[in-house]
Structures are given as structure tokens and as C-alpha cells.
Amino acid sequence: MQKQLKNDQLIEQLKKGDATAFDALFDEYSQRLFAFAYKYLKSEADAEELVQEVFVRIWENRKLLKSDYSFKSYLFTIALNQIRKFFNKRAIALRYVTEVKGSESNTDNTTIDSIEYSSILNRIDELIEKLPERKKLIFIKSKKEGKSSKEIAEELQITVGTVDNQVSDALRIIRDALKNENLAILLFIALFIN
């Protein structure tokens, strides 16, 4: 509770352009954000660049920050979107190289894996969109916004057990749909179970 209060104060100061508050939030979250990015990008330089991009966006949009929204969730949502853009850029570059050279013989496995991850992320988003509305809402609040079951239960005026059941059921539905897709389960677990 004390940490949340401190974060709320830092966010309010950041909204007013306080660089010290920005530095404090950077110090608080940059390492976790780096670890998250590195897990997908497999490159320290790319992960560092992503962290910088995320915090540049935070600074540029500081006046729009909401103290009642989880700052951590906001950060990681931006990071996940940046990771998707990264993979999409790689996919476009690979397509271009393939068209120019006329074959895929010179493409490396890292690039192919990147494209596969990107397409799996997109596939997971498609599956989430197909969930029943209530289940989808609860799942997104839990797994994308990073809210606890208790927070969601209070917000939606339902029990914690109902939240947990809806999230478990959504995970089962998505896992079942991904059963036959390459690397899908590993990526899904990395994205949503951690």
C-alpha cells in the first residue's frame, strides 16, 4: 500500500514535468522492463533500446497519465506493443529480402523465430477477442493490465473466486486453441502465466 502511495505521488509529480519523479520511476521499473524485453528480444541492445523507447513515451505522454491506473501495467502494455512492432518490422524486412533474393535460403533462424513469435502474439490476441465479453474483460484486466484478482473483484463487484475461475477458463480455451501451433504454448505461458 505504501509503495502504491509513493508511485501515485511520483506520477502526480511527473504529470507536472518533474524530472526527479521521472528518474525515480525509471529506477523503480527499468530493470524489470529490461528483463521482460530481453526474454523476447534475446538481445541486450534491443532490450535496452526498448526500455528507452517506453520511457520516452512515458515522458512525452506524462500529462495523460492516470494515477488510478496501474503504472506498472501501463508500462508493460507499452513494452508489449513495442515488442510486437519490433517483430513486425523484422517480418517486413525478411519479406523484402526474400523477394529481392528470390529465396529463403539465406535467412537465419533468429529472424524466422521472431516472425513466428509475432504471429503467435497476433493469434493469441485473436483468440482473446473471441472470448465471451465478461470472460475477455476479466482476462485482459488480469493478464494484460496486471491487476490482482482482488482488484478485479472489487472493480466488477464479483467474488475473487469468480475472477480466478474466469481467468482459468480463458487460459484453458486459449491453450486448447493453440494446441497444434508450433511454439505457441511456450510463448503463451511466457506471456500470460508468469
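Modeller: A residue is called buried under 20% relative accessible area, exposed over 50%, and partly exposed in between, using a 1.4 Å probe and protein chains only. This is a predicted model, in which local features need pLDDT of at least 70 and side-chain atom pairs count only at pLDDT 80 or more, while totals for chains, interfaces and linings use all residues. Residues are numbered from 1 along each chain as its sequence is written, and side-chain values use heavy atoms, with hydrogens and water left out.

Biologist: Why is Asp169 called partly exposed?

Modeller: Asp169 has a relative accessible area of 23%.

Biologist: What makes the pair of Lys135 and Asp169 a salt bridge?

Modeller: A salt bridge requires a side-chain nitrogen of Lys or Arg within 4 Å of a carboxyl oxygen of Asp or Glu. The closest N and O atoms of Lys135 and Asp169 are 2.6 Å apart, so the pair meets that limit.

Biologist: Which parts of the chain does this pair link?

Modeller: Lys135 lies in helix H6 and Asp169 in helix H8 (residues 160–178), 34 residues apart. Helices here are DSSP runs (H or I, at least four residues), numbered from the N terminus.

Biologist: Is Lys135 buried or exposed?

Modeller: Lys135 has 9% relative accessibility, and therefore counts as buried.

Biologist: What makes a set of residues a nonpolar core?

Modeller: Such a core is a set of buried Ala, Val, Leu, Ile, Met, Phe, Trp, Tyr and Cys residues joined through side-chain atoms within 4.5 Å. The largest one here has 30 residues, of which Leu33, Val54, Ile58, Phe71 and Leu75 touch the most other members. Helix H2 gives the most to this core, with ten residues.

Biologist: Which residues does Leu75 touch?

Modeller: Not counting residues up to four places away in sequence, Leu75 touches Tyr29, Leu33, Val54, Phe55 and Ile58; contact means heavy atoms within 4.5 Å. A second, separate core of 15 residues includes Ile124, Ile138, Val167 and Ile174.

Notes:
Helices (H or I, at least four residues) and strands (E, at least two) are DSSP runs, numbered from the N terminus.
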